[in-house]
Amino acid sequence: MSEERRQNTGEAEQHIDRKIGLTYAGDDEAFYQQLIEIYVRQASEKILLLEKAYAAGDLRAYTVQVHGIKSNAKMIGAMKLADLAFELEKAGKEGKLELIRENQRPFMKEFVKVLEETKKISGQK
């Protein structure tokens, strides 16, 4: 979802669009809650794998990890994170390491914000 669209819907401060997430969950609230809980459980490992690939300059592994994050973000309605991941995935496939370096920090910042929000939704701290 574009920033303009977020502002028009009053969701500029939110990192997760619950309506989109519920759509991916077939409008099943219990299933959506399960997706959120899975996201929280897997996030730490995903961060470690992504950072390891990034530090090693391993574009293939980095691209695989960022692709997975993109898919998971979409499933819960974290569209800004999914959009950022898409751009990094594309950069990885095109071998644009400098573009990845320029965008890694904002991507990780958004990843952490989404993780914090999913923890609140799931009741975890």
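**View 1. K70, E89 and K93 are linked in a network of salt bridges.** A salt bridge here is a side-chain nitrogen of Lys or Arg within 4 Å of a carboxyl oxygen of Asp or Glu. Bear in mind that this is a predicted model, in which local features need pLDDT of at least 70, side-chain atom pairs count only at pLDDT 80 or more, and totals for chains, interfaces and linings use all residues. Residues are numbered from 1 along each chain as its sequence is written, and side-chain values use heavy atoms, with hydrogens and water left out. Zoom in on E89 and K70 and you'll find their side chains meeting at 2.7 Å, N to O. This pair links distant parts of the chain, with E89 in helix α5 and K70 in helix α4, 19 residues apart. Helices are DSSP runs (H or I, at least four residues), numbered from the N terminus. Both E89 and K70 are buried, where buried means under 20% relative accessible area, exposed means over 50%, and partly exposed is in between (1.4 Å probe, protein chains only).

**View 2. R18 and E29 form a salt bridge between two helices.** The N to O distance is 2.1 Å. R18 sits in helix α2 (residues 18-24) and E29 in helix α3, so the pair ties together parts that are 11 residues apart in sequence. R18 is partly exposed at 35% relative accessible area, and E29 is partly exposed too, at 38%.

**View 3. E94 pairs up with K96 in a salt bridge.** Their closest N and O atoms are 3.0 Å apart. E94 counts as partly exposed, with 45% relative accessibility, and K96 is partly exposed at 41%. Across the structure, the tally of salt bridges is six.

**View 4. Helix α6 bends by about 45° at N103.** The bend at a residue is the angle between axes fitted to the seven residues ending there and the seven starting there. After α6 comes G123, with a positive phi near 85°.

**View 5. The buried residues of α6 pack against α3, α4 and α5.** Among these buried residues are I100, F107, M108, F111, V114 and L115, and also Q104, E110 and E117. Their partners span 29-56 (α3), 59-76 (α4) and 79-93 (α5), with contact meaning heavy atoms within 4.5 Å.
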